[in-house]
Structures are given as C-alpha cells and as structure tokens.
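Here's a quick briefing on side-chain packing, rings and charges. Have a look at the model first, then we'll go through it.

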Amino acid sequence: MTDILLVLGGNIRKFRKEFGWTQQFLAEKAGISVPFMTQIELGRKSASLEVIQSIAVALSVPYRQLFDETEFSTIPVQHLASLERRLSDSILNVIHEEFSNF
C-alpha cells in the first residue's frame with residue numbers, strides 16, 4: 001500500500017515543478033507557510049482538507065488529482081522516507097542508551 005502523504009506530496013511537487021514555481025510561490029498562492037509546504041511535499045505532515053483544496057485551486061487542478069497514485073511514482077520517495085525513519089529510530093536509540101547510563 002502506498003503512503004497517501006507521500007502520494008499527495010509528490011503530486012503537489014510534480015505539478016508545482018511543471019509550472020516552474022518555487023515552494024514559496026505556491027505556499028503564498030495557497031495561503032500557507034513555506035515550511036509547512038515543504039513538510040507537505042516531503043510527506044512528513046498532513047494537511048487539512050481546506051489546505052489541500054487551496055493548494056489544488058492554486059495549482060488549477062482537481063483536488064482528486066493530488067491523490068492519484070498513477071500521477072506520481074513514489075518508489076524513490078518511499079525508499080527515502082523509510083531510510084529517514086530508520087535513521088531517526090537509530091539516532092533516538094543511541095541517545096536513550098547514552099542517557100540511561102547517567
């Protein structure tokens with residue numbers, strides 16, 4: 001099963017790049033912050049339906065297209081997200097081990 005946040009973020013990024021827009025430009029058009037737009041595109045944060053609708057309107061695409069798994073291949077993104085989660089877990093384990101010695 002494909003992670004819906006990765007599909008959404010990947011599709012937003014794909015459409016944004018097709019227009020030649022920066023994240024800042026799209027974020028301003030959608031009425032959200034650039035850091036939040038970045039997190040949405042990376043599949044790290046979920047967005048409310050209202051935010052998704054404002055992004056779809058800004059991109060002039062039907063909101064349903066933002067969730068279309070055929071629009072964006074998420075294999076590389078899924079792999080990176082998986083690596084990121086494992087790295088984060090490993091770092092947290094090391095931190096916990098170090099502090100448990102005190």
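Let's start with Leu-26: setting aside neighbours within four places in sequence, Leu-26 is in contact (heavy atoms within 4.5 Å) with Ile-12, Arg-16, Trp-21, Met-37, Ile-55, Ala-58 and Leu-59. Keep in mind that this is a predicted model, where local features need pLDDT of at least 70, side-chain atom pairs count only at pLDDT 80 or more, and totals for chains, interfaces and linings use all residues. Residues are numbered from 1 along each chain as its sequence is written, and side-chain values use heavy atoms, with hydrogens and water left out.

**Nonpolar core**
- A nonpolar core here is a set of buried Ala, Val, Leu, Ile, Met, Phe, Trp, Tyr and Cys residues joined through side-chain atoms within 4.5 Å; buried is under 20% relative accessible area, exposed is over 50%, and partly exposed is in between (1.4 Å probe, protein chains only).
- The largest one has 19 residues, and Ile-12, Leu-26, Ile-32, Ile-55, Leu-59 and Leu-66 touch the most other members.
- At least two core residues come from each of helices H1 (4–19), H2 (23–30), H3 (34–41) and H4 (49–59), with helices being DSSP runs (H or I, at least four residues) numbered from the N terminus.
- H4 gives the largest share, 6 residues.

**Aromatic rings**
- The whole structure has 2 aromatic pairs, meaning rings of Phe, Tyr and Trp (its six-membered ring) with centres within 6.5 Å; planes under 30 degrees apart are stacked, over 60 edge-to-face, and the rest tilted.
- Phe-19 and Trp-21 are stacked, at 4.6 Å centre to centre and 20 degrees between the planes.
- Trp-21 also pairs with Phe-25, this time edge-to-face at 5.0 Å and 65 degrees.
- Phe-19, Trp-21 and Phe-25 thus make up one aromatic cluster; Phe-19 is partly exposed at 42% relative accessibility, and Phe-25 is partly exposed at 37%.

**Charges**
- There are 2 salt bridges, each a side-chain nitrogen of Lys or Arg within 4 Å of a carboxyl oxygen of Asp or Glu.
- Lys-14 and Glu-18 form one at 3.2 Å, N to O; both lie in H1, 4 residues apart, about one turn of the helix.
- Lys-14 is partly exposed at 22%, while Glu-18 is exposed at 55%.
- Glu-41 and Arg-16 form a salt bridge at 2.6 Å, N to O; Glu-41 sits in H3 and Arg-16 in H1, so the pair ties together parts 25 residues apart in sequence.
- Glu-41 is buried at 1%, and Arg-16 is buried at 7%.
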